[in-house]
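Please look at the sequence and the model first.

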Amino acid sequence: MTSNTIVIVHGESERILVKDISRRLRFPVEIYPEKGAGTVDLPNVASVLTGEPFDSEQSLHKYFPRLDYHPRRRVKMPDLKIFPIIDVDQHGPFKKSFCSGDLFRDSVFRDRVIPIINDPDLDVILKRAGLDIDVRSKVRSYSEALVEADYPALYEILKQDGGTGLDQFLLRALGSCPPYQARFGEEYRRAFGG
């Protein structure tokens, strides 16, 4: 199964959420960095999106072989979307630059990056959305809370939350999932084309 979506995760909480969405909605997603590779903080997004494997389409395809790749085309991955899902944490001064795209203007993929900010962090956003997140035992807490998550309802809640853009990633997943295409298809097409 090919993929057209990469998520750059801030940390383990984002990884658990993205994996659950991918599994439950049968939505193929590539996750960066690999598990255990540490966190990607707001100031580091620029270096991630300009370094390996994000330095060229060929390098990215080599790193993620499931990506839909057309070697004979000028733009080899025209449908690719990259979602850095990052917490603001203590890096508030970088927020505006990240959200505007200025922070990663030197990236080859700058026109395919959809920045997702969680202000102040994902734990707070999901708690506001009604999920029971215990920050003292995040891995277990996230796994338990997501078992009951209704992703279409969560999308509607997140769409109204001004502290996150996580609804955009969820729309990408829901709009690609056959059972939800009728409900979210038009909104998906407006946001992502096609």
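A charge is said to sit over a ring if NZ of Lys or CZ of Arg is within 6 Å of the ring centre and within 35 degrees of the ring normal. In this predicted model, the charged end of Arg172 meets that description, since it sits over the ring of Phe192 at 5.3 Å from the ring centre. Phe192 also belongs to an aromatic cluster, together with Phe27, Phe83, Phe169 and Tyr188.

**Aromatic pairs**

Across the whole structure, a search finds 10 aromatic pairs. A pair of aromatic rings is described by the distance of the centres and the angle of the planes. One of the pairs joins Tyr155 and Phe184: the ring centres are 5.4 Å apart and the planes stand at 90 degrees, an edge-to-face arrangement. Tyr155 lies in helix α7 (residues 151-160) and Phe184 in helix α9 (residues 178-192), so this pair ties together parts that are 29 residues apart in sequence.

| Residue | Relative accessible area | State |
|---|---|---|
| Asp20 | 9% | buried |

Why does Asp20 count as buried? Its relative accessibility is 9%, and buried means under 20% relative accessible area.

Strand β1 (residues 5-9) is mostly covered, with five of its five residues buried. In a regular strand the side chains alternate between the two faces of the sheet. In β1, Thr5, Val7 and Val9 point one way, while Ile6 and Ile8 point the other way.

Which strands pair with β1? Strand β3 (residues 81-87) runs parallel to β1 and is joined to β1 over five bridges. Strand β2 (residues 30-32) is also parallel to β1, with three bridges between them. Ile8 illustrates both pairings: Ile8 stands opposite Pro84 in β3, and its bridge partner in β2 is Tyr32. Between β1 and β2 the chain passes through helix α1 (residues 12-25), and this β-α-β crossover is right-handed.

The side chain of Asp20 makes a polar contact of 2.7 Å with the side chain of Arg23. Leaving aside neighbours within four places in sequence, Asp20 is in contact with Leu146 and Tyr151.

Definitions and conventions
Residues are numbered from 1 along each chain as its sequence is written. This is a predicted model: local features need pLDDT of at least 70, side-chain atom pairs count only at pLDDT 80 or more; totals for chains, interfaces and linings use all residues. Side-chain values use heavy atoms; hydrogens and water are left out. Rings of Phe, Tyr and Trp (its six-membered ring) pair if their centres lie within 6.5 Å; planes under 30 degrees apart count as stacked, over 60 as edge-to-face and the rest as tilted. Helices (H or I, at least four residues) and strands (E, at least two) are DSSP runs, numbered from the N terminus. Buried means under 20% relative accessible area, exposed over 50%, partly exposed in between (1.4 Å probe, protein chains only). Two strands pair if DSSP finds at least two bridges between them. A crossover is right-handed if, with the strands pointing away from the viewer, the path from the first strand over the helix to the second runs clockwise. A polar contact is a pair of N or O atoms within 3.5 Å; within protein, one must be able to donate a hydrogen and the other to accept it, and residues adjacent in sequence count only if both atoms are side-chain atoms. Contact means heavy atoms within 4.5 Å.
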